[in-house]
Protein chains: 2
Amino acid sequence: MIQTKLIPRTAEAYEPPMLIKTLLAQSLRYEPQREIVYRDLFRINYVQFNQRVRQLANVLAEVGVKPGDTVAVLDWDSHRYLECFFGVTSVGAILHTVNIRLSPAQILYTMNHAEDKVVLIHEDFLPLLTAVKDQLTTVETYILLSDKVYTNTIDTQPGVEIPVGFSGEYEALLKAASPEYEFPDFDENTWATSFYTTGTTGNPKGVYFSHRQLFLHTMGLLTYLIGYEALPFKSRTDVYMPITPMFHVHAWGFPFLATLMSAKQVYPGKYEPEMLCKLIVTEGVTLSHCVPTILNMLVNSPAAQKFRDNLSRWSVLIGGSALTKGLAKAALDLGINISAGYGMSETAPILSVVYLNEEERALSLDDQIDFRVRAGRIAPFVEARLMNEDGQFVSHDGQSLGEIVVRTPWTTQGYYNDPERGADLWRGGWLHTGDVASITPDNWIMVADRTKDVIKTGGEWVSSLDMENVLSQVEGVAESAVIGLPDDRWGERPHALIVQKPGYNLTAEGIKNGLKAKVDQGELHKWYVPDRILFVSEIPKTSVGKIDKKRIRSEMKDQILS
Amino acid sequence: MIQTKLIPRTAEAYEPPMLIKTLLAQSLRYEPQREIVYRDLFRINYVQFNQRVRQLANVLAEVGVKPGDTVAVLDWDSHRYLECFFGVTSVGAILHTVNIRLSPAQILYTMNHAEDKVVLIHEDFLPLLTAVKDQLTTVETYILLSDKVYTNTIDTQPGVEIPVGFSGEYEALLKAASPEYEFPDFDENTWATSFYTTGTTGNPKGVYFSHRQLFLHTMGLLTYLIGYEALPFKSRTDVYMPITPMFHVHAWGFPFLATLMSAKQVYPGKYEPEMLCKLIVTEGVTLSHCVPTILNMLVNSPAAQKFRDNLSRWSVLIGGSALTKGLAKAALDLGINISAGYGMSETAPILSVVYLNEEERALSLDDQIDFRVRAGRIAPFVEARLMNEDGQFVSHDGQSLGEIVVRTPWTTQGYYNDPERGADLWRGGWLHTGDVASITPDNWIMVADRTKDVIKTGGEWVSSLDMENVLSQVEGVAESAVIGLPDDRWGERPHALIVQKPGYNLTAEGIKNGLKAKVDQGELHKWYVPDRILFVSEIPKTSVGKIDKKRIRSEMKDQILS
């Protein structure tokens, strides 16, 4: 960084740090009567919410939480979780949002690795806790979260039993605590949150974010969603409900934005299709975000047609994995305003969101689909580049492929207690996403592949996903997988596995001829055409149903090359 | 500040600073075809604008500007000025926006005090420059700004003569410079801008702002104006034009917001009623800000009725001095969406802007006037308190008066090279505004007086302005001035000067009896009633037409108390 002249400061002059409490404070100022709703069980306005966040701060102090301590939460999406987003962080403690979808052994690993001191846990996870409790090395006490208290009177709490080692039940503790608490100022680089992300190998990796990072991520969302209207979000009329879990990258940071704007928020608890549909209708939800699987489930549910009128006011940001054109069309046909986005745990997560410029907005909805399923345009304040294997930047011409590397004001600065993988993430001063893409001159990120699946052949990169898309359009192909295997001359060459539809008799020769015709017509680069095509009855998949290219490369190599 | 745990950082990890170039970068991303217009002379889109800002950066390097150097601008509101907002600051230099309304002696003082090295000056100010040039101690070169180049061909520049000591004319220099320039990263606390503010005594005071401060001020405006819709500003349809000068607190920071949003911007040059009206109509201006005087001029101009349709799409933020209900009504009757705000040079400037909550928006326009003329509700990220003479905070009950003291992420951290007045500004760690107000529980700032004019009597504060308002409603009173004078028992007591309307025969006794009746009806605190009322033919005024209370207190003290 170059040397410049900094502003001089008078001894007593003060410049406040950008903290999560700064976002919270605005929710009391202008429209404090707006509501935060939990399922069909509980509702509070922002005045009550702010009181409860302060009561939580007092409860945390009572159970021994000090600045720098880690407080873990295991809960479904709830107002309580939102209170922890603000209360735990604003006393200077670290919020560990435990990924409850991991295996018990992984959860145990993350809780010990994060050095959780106090744990807030929903009663649904008590069996899990019982299984690992003896091996938790740093936890000093627990607080019980129970939905039963909203259906009974909190005073008596019939049906809520406080297990041994617990400090009490959340609502009862809050009720007994003072609603007065002055959140202190502290360094904006203070550690605010942590959570763990899993890869295909090794232990889960802990990412972490500071107050400043979460504040600026909120400003980025505000600039893009509200300022540029990438997604419509008018705090006066819109109602927000997350459908990606709050433990997963803070529900993509939306709860911070919704609270800053004192918008009405709805928290659905455990994701149950009926409850989700009911809340969308009765609470008038207009903005959500989810993975394609959830959208698919909702679009195909019998309720979707019934609630058509409500769905047509609903905007949904899709991320986590690629949005197919078919699903996008089904959603748009229901009137759902659907857009994709791209990001990752390490990037808090927003890197890009679909933004239709004036020209693209003028297109018919059908013509917009091509744009709406993209990974999006680079988000405000994000710097995204493409890097080749030599660490050189690749041109943003919409053609050249490279690994997406980024610098943003909200990226994890490493992995907790894992210097080696942290250094690899940040090699060369850019965060490496592990995704291969092209970038168009007008800032669309076109994700092509994972770096480990992209095929490097003769200095060119071949996207295995693009090639699979081409094969999927061949008559008679039910499914395909394209992988790279070593080649003496070209470094690597693409090879394909194909599952035929019943009744077809495809040949490798026939398919190759079809692909060569595309090459002749300029629709396909010639180096994309697979060297070999192997017909198989089944394509190896991972436990979550993704094509297991690693296994194909290692186990099927000889079979393919034979 | 309390001690917390900061996020750990991997050696190569990078977190970008918040700089003015960060705002600029977004203007190229999403809607770069939108325009920036200068009078009826010149228009460019954001692609061209970004090129020109980089050309300017190269020109600055050529004339010897280094990081930390000060570059002064004397210009009317123009695209050139906007280019300097971004270009001068983004090379790490300091932009001094010279207040061209000061006297030549004061301008000379500020340019020497700021240590201006390079000066960009509009030809209209060359006579001024001739008068002071010999006494400028730090200036090394000048660049000429001329509007003639837009009406001739820039190549030949007939009519543009380059004076001795000048490096050239702006457009010609830009044209010869490369449009390639990579703006470097540097510390976000880098000094970005300076300008001077005058008080009743002493030399002008230099305030200054960092990149971080101007970035966060923009985020505050974004949250409030666009997020909360305090003023409507949709970048897709709105067109911005400043009518408070760019040298005055960066035109209230709006150009930074408009550029971030790549909104269409219109710069009117020298403020001429005809040109302003013409631009509002032909360019479709929908958002401006100005002082009441300018609004008054426009509302009462013959053009106003003619351009009614255009004015009814126009939102205007009013600040600088109080907006009267009469002017607000006249503007609202024309369909102009008018709101007041409050701030000062030291605060970059936004402290509060009128925000009508859901309840207040439901009122009729006439009933909204009471709210719209207020100083506004405390703006996002601003902390505002009331402080009494003992340095204690006063309750926000809408009644109690105190000096407004603030902490915001965008306040000057002192006065340049003026430690004494800087320390006074920041005494006790709060920036002292010198304004007395009450604050309502729902965050309205109700400005009552300047601290030096408020009357301290028996532990209570009396707003001289409030008392003058009461007197103005007495039949037969043409004008009044209320001041505090020393009193043995109460510290101070209010006294009034009154000018009678012709044909009236008011008496002090009669007026006091009327005021006492108000006290009995609970409409007035009894300590507000002036001890003495003196009838005068004229009330002393300052050169700008404000009541000169300082002079009244010193010169008329004996006459009043006699």
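**View 1. Polar contacts across the interface of chain B and chain A.** In this predicted model, 48 residue pairs make polar contact across the interface, both partners at pLDDT 80 or more. Seven elements of chain B each supply at least two residues of the side that touches chain A: α1 (20–26), β9 (205–210), α7 (211–227), α15 (358–361), β16 (377–378), β17 (383–387) and α17 (419–425). α7(B) gives the most, with ten residues. By class, this side of chain B has 39 nonpolar, 25 polar and 23 charged residues.

**View 2. Salt bridges between chain B and chain A.** The rule finds twelve salt bridges across this interface. In one salt bridge, the side chains of B:K234 and A:E229 meet at 3.0 Å, N to O.

**View 3. Area buried between chain B and chain A.** The two chains bury about 7600 Å² between them. Of that area, 56% is on carbon and sulfur atoms. On the chain B side, B:Y30, B:Y228 and B:R236 lose the most area to chain A. Together they account for 10% of what that side buries. The contact takes 87 residues from chain B and 87 residues from chain A.

**View 4. Chain B laid on chain A.** The same surface serves both copies: 100% of the contact residues of chain B recur in chain A.

**View 5. Domains of chain A.** Chain A is divided into domain 1 (20–290) and domain 2 (455–561). The C-alpha centres of these domains of chain A lie 45 Å apart.

How values were computed
Residues are numbered from 1 along each chain as its sequence is written. Chains are lettered from A and ligands numbered from 1 in the order in which they are written. This is a predicted model: local features need pLDDT of at least 70, side-chain atom pairs count only at pLDDT 80 or more; totals for chains, interfaces and linings use all residues. Side-chain values use heavy atoms; hydrogens and water are left out. Contact means heavy atoms within 4.5 Å. Domain bounds come from an automatic or database domain assignment. Buried area is the accessible area (1.4 Å probe) that two parts lose on being put together, summed over both. A salt bridge is a side-chain nitrogen of Lys or Arg within 4 Å of a carboxyl oxygen of Asp or Glu. A polar contact is a pair of N or O atoms within 3.5 Å; within protein, one must be able to donate a hydrogen and the other to accept it, and residues adjacent in sequence count only if both atoms are side-chain atoms. Helices (H or I, at least four residues) and strands (E, at least two) are DSSP runs, numbered from the N terminus. Ala, Val, Leu, Ile, Met, Phe, Trp, Tyr, Cys and Pro count as nonpolar, Asp, Glu, Lys and Arg as charged, and the others, Gly among them, as polar.
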